[in-house]
Amino acid sequence: TARVFLTPFKKSGDEGLKGLGFGLAGILDNEVNQDSLPWQKLETSLGGNSFMTYSPQVVARGDFYHWDAQGYYYNGSLGLLGEYVQSIQTVGEPSLPSIQLTNIGWLLEGSWVFGGKAGYEGATVDEPFDLANGKLGALELAARVDCNIIDVHSFTVAFPYDPVGGSLGQGAQIAMAYGVGVNWWFNDHFKWMIDAERTEFSGGNLAVIPEQAAVVRATLI
């Protein structure tokens with residue numbers, strides 16, 4: 001496992017570039033064999049409902065590769081975040097040829113902070129919550145779109161592979177989610193979070209109904 005992340009302008013005098021960061025991470029797991037647990041269930045980002053399941057007979061039969069490109073930009077109240085992931089694994093069923101699957105995930109997120117400054121580790125509040133003096137902390141609004149794309153060969157018969165039942169798994173191939181969030185920062189160390197997200201599913205070999213999810217939680221940092 002390795003990760004390199006760069007913030008080349010962090011100490012620069014250019015305020016417009018100080019909040020720029022980008023990097024790349026990767027994983028190589030050599031000779032992963034007969035492990036089925038990672039392939040039994042895939043979940044949406046927020047609701048946690050299963051939208052695609054592999055056959056119990058499908059196991060890992062080779063190397064596992066994973067690479068992840070990341071980037072962010074923060075300038076004053078503005079925050080932008082992006083990520084792209086590929087996970088590559090050779091799998092198969094007993095006594096049948098193996099096949100390499102490439103699953104993809106990506107996300108884009110934007111946010112704006114009222115009463116503070118945006119940052120990768122959270123907002124910095126200009127005036128901490130103090131109701132007696134009419135100070136309410138900071139309010140952060142965020143919007144996100146993210147997607148999980150399962151390799152199409154998980155759902156179709158691909159020569160020379162001919163799995164039992166005609167496919168490796170059942171479910172939807174693509175999970176596309178749209179979300180919004182409101183974060184109420186009392187100070188730099190405590191916030192209330194409200195997130196709502198809708199996930200729509202398409203492709204694959206099984207119809208999956210859309211998911212609506214909402215999460216409310218308090219976070220102490």
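Visitor: In which sense do β4 and strand β11 pair, and over how many bridges?

Guide: This is a predicted model, in which local features need pLDDT of at least 70 and side-chain atom pairs count only at pLDDT 80 or more, while totals for chains, interfaces and linings use all residues. Residues are numbered from 1 along each chain as its sequence is written, and side-chain values use heavy atoms, with hydrogens and water left out. Strands are DSSP runs of E with at least two residues, helices are runs of H or I with at least four, and both are numbered from the N terminus. Two strands pair if DSSP finds at least two bridges between them. Here β4 and β11 (residues 169-171) pair in the antiparallel sense, over 3 bridges. Within β11, Gly171 is the bridge partner of Met52.

Visitor: Which strand does β3 join, and how many bridges are there?

Guide: Strand β3 (residues 42-43) is joined by 2 bridges to β4 (residues 50-54), and the two run antiparallel. Leu42 has Met52 of β4 as its bridge partner. The hairpin of β3 and β4 has 6 residues between the strands, and in this hairpin Gly48 takes a positive phi near 75 degrees.

Visitor: How many helices and strands does the chain have?

Guide: The count is 0 helices and 14 strands. The C-alpha atoms fill a box of roughly 70 × 40 × 25 Å, taken along the principal axes.

Visitor: What percentage of the residues count as buried?

Guide: Buried means under 20% relative accessible area, exposed means over 50%, and partly exposed lies in between, with a 1.4 Å probe and protein chains only. Of the 221 residues of the chain, 34% count as buried.

Visitor: Which residues of the largest nonpolar core touch the most other members?

Guide: In soluble globular proteins, nonpolar side chains tend to be buried together. A nonpolar core is a set of buried Ala, Val, Leu, Ile, Met, Phe, Trp, Tyr and Cys residues joined through side-chain atoms within 4.5 Å. The largest one has 14 residues, and those touching the most other members are Phe51, Met52, Tyr54, Ile150 and Leu168. At least two residues of this core come from each of β4 and β7 (99-114). The largest share, 3 residues, is supplied by β4. Another core, of 8 residues, lies apart from it and has Tyr74, Ala123, Val125 and Trp185 among its members.

Visitor: Which residues make the nonpolar surface patch?

Guide: Patches are made of residues with over 30% relative accessible area and no salt bridge; like charges are joined within 9 Å, and nonpolar side chains (Val, Leu, Ile, Met, Phe, Trp, Tyr) within 5 Å. Accessible areas come from the Shrake-Rupley method with a 1.4 Å probe, and for residues only the protein chains shown count as cover. The patch here covers about 1,100 Å², and its residues are Trp112, Phe114, Phe129, Leu131, Leu136, Leu139, Leu141, Val182, Trp184, Trp192, Ile194 and Val216. Each of β7, β10 (138-149), β12 (174-187) and β13 (190-202) supplies at least two residues of it. Leu139 is in strand β10, and its relative accessibility of 35% makes Leu139 partly exposed.

Visitor: How many aromatic pairs does the structure hold?

Guide: A pair of aromatic rings is described by the distance of the centres and the angle of the planes. Rings of Phe, Tyr and Trp (its six-membered ring) pair if their centres lie within 6.5 Å; planes under 30 degrees apart count as stacked, over 60 as edge-to-face and the rest as tilted. The structure holds 10 such pairs. Trp184 and Phe186 form a tilted pair, because their ring centres are 4.6 Å apart and their planes stand at 40 degrees. Trp184 is partly exposed at 34% relative accessibility, whereas Phe186 is buried at 16%. Ring pairs also link Phe129, Trp184, Phe186, Phe190 and Trp192 into a cluster.

Visitor: How many salt bridges does the structure hold?

Guide: A salt bridge is a side-chain nitrogen of Lys or Arg within 4 Å of a carboxyl oxygen of Asp or Glu. The structure holds 5. One joins Lys18 and Glu15, with the closest N and O atoms 3.2 Å apart. Lys18 is partly exposed at 32% relative accessible area, and Glu15 is exposed at 51%.

Visitor: What about Asp146: is this residue buried or exposed?

Guide: Asp146 counts as buried, at 10% relative accessibility. Asp146 forms a salt bridge with Arg144, the closest N and O atoms lying 3.2 Å apart. Arg144 is partly exposed, at 28%. A further salt bridge joins Arg198 to Glu200, with a closest N and O distance of 3.0 Å. Salt bridges that share partners join Arg144, Asp146 and Glu197 into one network.
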